[in-house]
Amino acid sequence: MRQIFLDTETTGLLTEDGHRIIEIGCIEMINRRVTDRQLHLYLNPQREIDAAASEVHGITIDQLLDKPKFADVADDFLQFVQGSELIIHNANFDMGFLEYELSLVGREALRPQLSGVIDTLAMAKQLFPGKRKSLDALCDRFGISNKHRVHHGALLDAGLLAEVFLSMTRGQDSLEIEVEQQESASDAARPWPPKLIKISVSEQDLVAHNSTLDRIEKESKKPALWRALT
């Protein structure tokens, strides 16, 4: 299964206010193994960044003036995520912005192009009711170091999310390992090449067998195939 850990940074909180994506970070995972394939994009939002948002991710509009617009990288983004399952912390937020950006450039909706979307925030609410569920809080819970995280960053957060998700679903690893170990043990116990079991035939069995063949020949009026082969 191909899954993509995804995070975005934006100019503000609401697409209704015209806020845009300024950073996209994606990290690929196949069959619960993180690969070295990544997609990291900075984007020119063509608008100002809210001061509160800039305090969170540390990005200013001056840093983005020479970056591509979303329209310029839409194909690259869609090609990278096509057919995958996205894993996002607070998926409604990021998916809302991605769908908004795609609509602005006349592209089809994203969700139908995916095999699914997993929201780790929703998972955390079920696993840890009443506890803090931010990415930082989950890192603390699972002992994942995030000391290098001075500001939020899309690729950085996608990497932390990968570690958090694998920790949250660690039982799946155990189950897969257990099944593999059982299969290996079963294979090891099975001799190869297999030993054929020899069955001794009594004189009475031979008489009965030949009697059956005689009856077949009489009814078919031709030699029994078994006698022809032996």
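Q: Over the face of which residue does arginine 2 lie?
A: In this predicted model, a charge counts as sitting over a ring if CZ of Arg is within 6 Å of the ring centre and within 35 degrees of the ring normal. Arginine 2 lies 5.2 Å from the centre of the ring concerned, which belongs to phenylalanine 80.

Q: Which residues is valine 81 in contact with, leaving aside its neighbours within four places in sequence?
A: Valine 81 is one of the residues that touch the most other members of the largest nonpolar core, which has 24 residues. Leaving aside neighbours within four places in sequence, its contacts are Arg2, Cys26, Leu86, Leu110 and Leu114.

Q: Which element gives the most residues to the largest nonpolar core?
A: Strands E1, E2, E3 and E4 and helices H2 and H3 each supply at least two residues of this core. The element that gives the most, with seven residues, is H2.

Q: How many residues apart in sequence are the parts tied together by the pair of phenylalanine 5 and phenylalanine 165?
A: The two rings form an edge-to-face pair, 5.8 Å centre to centre with 65° between the planes. Both residues are buried. Phenylalanine 5 lies in strand E1 and phenylalanine 165 in helix H6, so the parts they tie together are separated in sequence by 160 residues.

Q: Is phenylalanine 128 buried or exposed?
A: The charged end of arginine 141 sits over the ring of phenylalanine 128, 4.1 Å from its centre. Buried means under 20% relative accessible area. Phenylalanine 128 has 16% relative accessibility, so it counts as buried.

Definitions and conventions
Residues are numbered from 1 along each chain as its sequence is written. This is a predicted model: local features need pLDDT of at least 70, side-chain atom pairs count only at pLDDT 80 or more; totals for chains, interfaces and linings use all residues. Side-chain values use heavy atoms; hydrogens and water are left out. A nonpolar core is a set of buried Ala, Val, Leu, Ile, Met, Phe, Trp, Tyr and Cys residues joined through side-chain atoms within 4.5 Å. Buried means under 20% relative accessible area, exposed over 50%, partly exposed in between (1.4 Å probe, protein chains only). Helices (H or I, at least four residues) and strands (E, at least two) are DSSP runs, numbered from the N terminus. Contact means heavy atoms within 4.5 Å. Rings of Phe, Tyr and Trp (its six-membered ring) pair if their centres lie within 6.5 Å; planes under 30 degrees apart count as stacked, over 60 as edge-to-face and the rest as tilted.
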